[in-house]
Amino acid sequence: MNDPVRLTRRDDIAVVTIDNPPVNALGQAVSDGLRRAVDEAGADTGVRAIVVVCAGRTFVAGADIGELEAVAAGKGPAGGPDIHDLLAAIENCQKPVVMAMHGTALGGGLELAMAGHFRIAVSTARMGQPEVNLGIIPGAEGSQRLPRLVGVGAAIEMLVGGQPIDAPQALELGLIDRVANRDLLEEAIGFALEMAGKGVLPKTSERTDKLGTPKSNRDAFAAGHAMARKMRKNQTAPLLALAALEAATTLPFDEGRKREKQLVAECFASDQARAMIHGFFAERAVSKIPDLEKVTPAIDIQMAAVIGSGTMGGGISMALVNAGIPVRLRDNSPEALERGMATIRKNFQRRVDRGRMSADAMNERLGMIEPGTGYGGVEGADLIVEAVFENMELKKQVFAELDGVAKPDCVLATNTSTLDIDEIASATKRPASVIGLHFFSPAHVMRLVEIVRGAATGKPVVATASALVKRLRKVGVVVGNCHGFVGNRMMLPYMREAQFLVEEGATPLEVDTALKDFGMAMGIFAVDDMGGIDLAWRVRQESAHRNKPGVRMPLVLEKLYRMKRWGQKTGSGWYLYQDGDRTPIRDPEVESLIEATANDAGIVRRAIADTEIVERCIYIMINEAARILEEGHAARAADIDTVYLCGYGFPTYRGGPLWYADTVGIETVAARVQEFHAEHGELWEPAPLLGQLAREGKSFADFDRDRK
């Protein structure tokens, strides 16, 4: 096995190269190799300075995620391998140590770099301390070294926000000393020679000039707490990061380092860290499709067509051209096309105005979209995505027409959110080529895509869809063909239960507030208004044949639809909206409508506690998810968690609906579902799998392990 660290000489400069593909993760072997190399170079009288550089596409991108997973499972030391001795050896080396960075230097990678005496990076390099995204904080002196280099305010933004910064910004803040404009290694060697001649070896741990005082830092820490409340509501890691940074400003370095270690241990002992680390690994696991061999051929998508230029069609077109795939956008009228293209131009212009895209890039991408009516030109497409209204007969008509014009190996995809893929495919003579690509709105922004397999969908088509979603830089989850697939199949009972709750006595605002306090990104009634009550009504009409006679149905949505209170688009729905503002405003008229409707139906209204609101809304989803798993429409519980974390605003610190169920305890959830079944009838019939896991004392995590 090759040593992941090499020591070579360039005249009197020692070059220490980390070569641990794919991302040069800082595991135990790399840490040990670095320590040996630094000690050897430091003792070599012929060496004047040391340069640490990485092979491959990036500098050290962070800790070894395998070790991180072990720590989260309670099988390793808090914070992973202890590299404090390594960092001390680097900083105390009697020869200049220059860290040469490219790609990304994140987490442990940046902590390693900050132990060096000097840092140089290519202009495209990015660096940061993103640990908060996993529910933890820097564990290798990052919270102590970072404010000494960039100042307290910038350190707070980086640790609480968790977003990396680029090299020019890092240079401005003092995180790095130089930007390499040509060859990184050559410039790093030149920099090392220059510093060796000066004999000055600045130690980050000894710097105090940017730490300020408790009084001068008061406003910065107040802003940090406000930032944590706004960006990471209910999360503990940002608060512990602030505590670690405060220790850096009030304690000597060694004492601050010890305090950081205590806080790291507190993070790793928390349910939040375990949940967020679970989400991290779950998202990476979804690309492993159980019955799809790695050698399955995938079609190279060089050109695509999108049918329908509305909200979804326009967003999908943007996502495709953002990935470098030309699009032929088609609709049935010039007026519809012009509206669609105007929206696309507006969305791109918004990115330009915010500095996220250049005007030239916008014009280039607009030029990659060819609008037109009819199907002329789509015959050359490798992929055609249908994005017309959610109506089965219309979609079947479109697919029958596409079947006659698309080339034989073209992938035919539907963006349906609930409809039967097999029935849509039956309109063609090539059902093996048909697949669902359920994008989420806005499609150019939202990360999730449900990849829906029909009964006849060919494996190469699944492989093509999976590769395409990765190319779009989105998260693709392969799911089975059932009504609503995974996400909306769980969302429909969630929405239904919320509407029952308001009929029984809660207000829409009370329900939404309880759900947001639980951690949901939005309340369910605000979501309904955003998506459109007209669309929710249309979905209900399409699935009306599935309703059992006599089973309770929500009563108010139909009335809102008839009143043309369709949500944000009309300025009123469950809430009121002011022009140009999407903030929901409580509407007494709707609350009166709900109360009158309930009274007419003989529903006895009462005060409903937040606990009941959360349990009924979340547990109904968990129960439905258990059915989905049992029926095989999701390969893993973790896949369902990923759908809800990436597409439905489920709180990351709760790990997804099924991880949350494990945290609460399956026996507890199953018992409560049984109680709701007794109280509210057959819509709460417990899923057999939920009962089985409860009886066996198992969890959804056990279910995933048993399936491996």
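The largest cavity in this predicted model has a volume of about 30 Å³. A cavity here is a set of points, on a 1 Å grid over the protein atoms alone, where a 1.4 Å probe fits but cannot get out. Grid points are joined across faces, edges and corners, and the volume is the space filled by probe spheres set on the points. One cavity of 30 Å³ or more is counted by this rule. Because the model is predicted, local features need pLDDT of at least 70 and side-chain atom pairs count only at pLDDT 80 or more, while totals for chains, interfaces and linings use all residues. Residues are numbered from 1 along each chain as its sequence is written, and side-chain values use heavy atoms, with hydrogens and water left out.

The lining of the largest cavity consists of Ile-301, Leu-383, Val-411, Ile-435, Leu-437, Val-461, Thr-464, Ala-465 and Leu-468; a lining residue has an atom within 4 Å of a point. Eight of these residues are nonpolar, one is polar and none is charged. In this division Ala, Val, Leu, Ile, Met, Phe, Trp, Tyr, Cys and Pro count as nonpolar, Asp, Glu, Lys and Arg as charged, and the others, Gly among them, as polar. Strand β15 (434-439) and helix α18 (459-471) each supply at least two residues of the lining, and α18 gives the largest share, four residues. Helices (H or I, at least four residues) and strands (E, at least two) are DSSP runs, numbered from the N terminus.

Helix α18 also holds Ser-466. This serine counts as buried because its relative accessibility is 13%: buried means under 20% relative accessible area, exposed over 50%, and partly exposed in between, with a 1.4 Å probe and protein chains only. Leaving aside residues up to four places away in sequence, Ser-466 touches Ile-289 and Ile-451, where contact means heavy atoms within 4.5 Å.

Helix α16 (residues 392-405) has 14 residues and reaches 20 Å from its first C-alpha to its last, close to the 20 Å expected at 1.5 Å a residue. The expected span is 1.5 Å times one less than the number of residues. Which residues of α16 are buried? They are Met-392, Lys-395, Val-398, Phe-399, Leu-402 and Asp-403. Seen down the axis of α16, these buried residues fall within an arc of 140°, so they line one face of the helix; the arc is that of the directions from the helix axis to the C-beta atoms. On the face turned away from the buried side are the exposed residues Glu-393 and Gly-404. The buried residues pack against β10 (304-307), β13 (383-386), β14 (411-414), α17 (421-425), β15 and α22 (533-542).

Just after α26, Gly-649 takes a positive phi of about 70°.

In helix α27 (residues 657-664), the buried residues are Pro-657, Leu-658, Tyr-660, Ala-661 and Asp-662. They pack against several helices, including α26, α19 (487-504) and α28 (666-680). Gly-665 follows α27 and has a positive phi near 115°.

Helix α28 contains His-677, which is partly exposed with a relative accessible area of 25%. Not counting residues up to four places away in sequence, His-677 touches Glu-682, Trp-684, Glu-685 and Pro-686. His-677 and Glu-379 are 298 residues apart along the chain, and their C-alpha atoms are separated by 53 Å.

Some loops have backbone features of note. The peptide bond from Pro-21 to Pro-22 is cis, with omega near 5°, and Pro-22 sits in the loop between β2 (13-18) and α1 (28-43). Another cis peptide bond joins Ser-441 and Pro-442, with omega about -5°; Pro-442 is in the loop between β15 and β16 (448-453). Asn-234 is not a glycine, but its phi is positive, near 75°. This asparagine lies in the loop between α9 (218-231) and α10 (237-250) and is partly exposed at 36% relative accessibility. Lys-564, also not a glycine, has a positive phi of about 60°. The loop between α23 (556-562) and α24 (588-600) holds Lys-564, which is exposed, with a relative accessible area of 56%.

Note on methods:
On a 1 Å grid over the protein atoms alone, a cavity is a set of points where a 1.4 Å probe fits but cannot get out, and a pocket is an open set with protein on both sides within 12 Å along at least five of seven lines; lining residues have an atom within 4 Å of a point.
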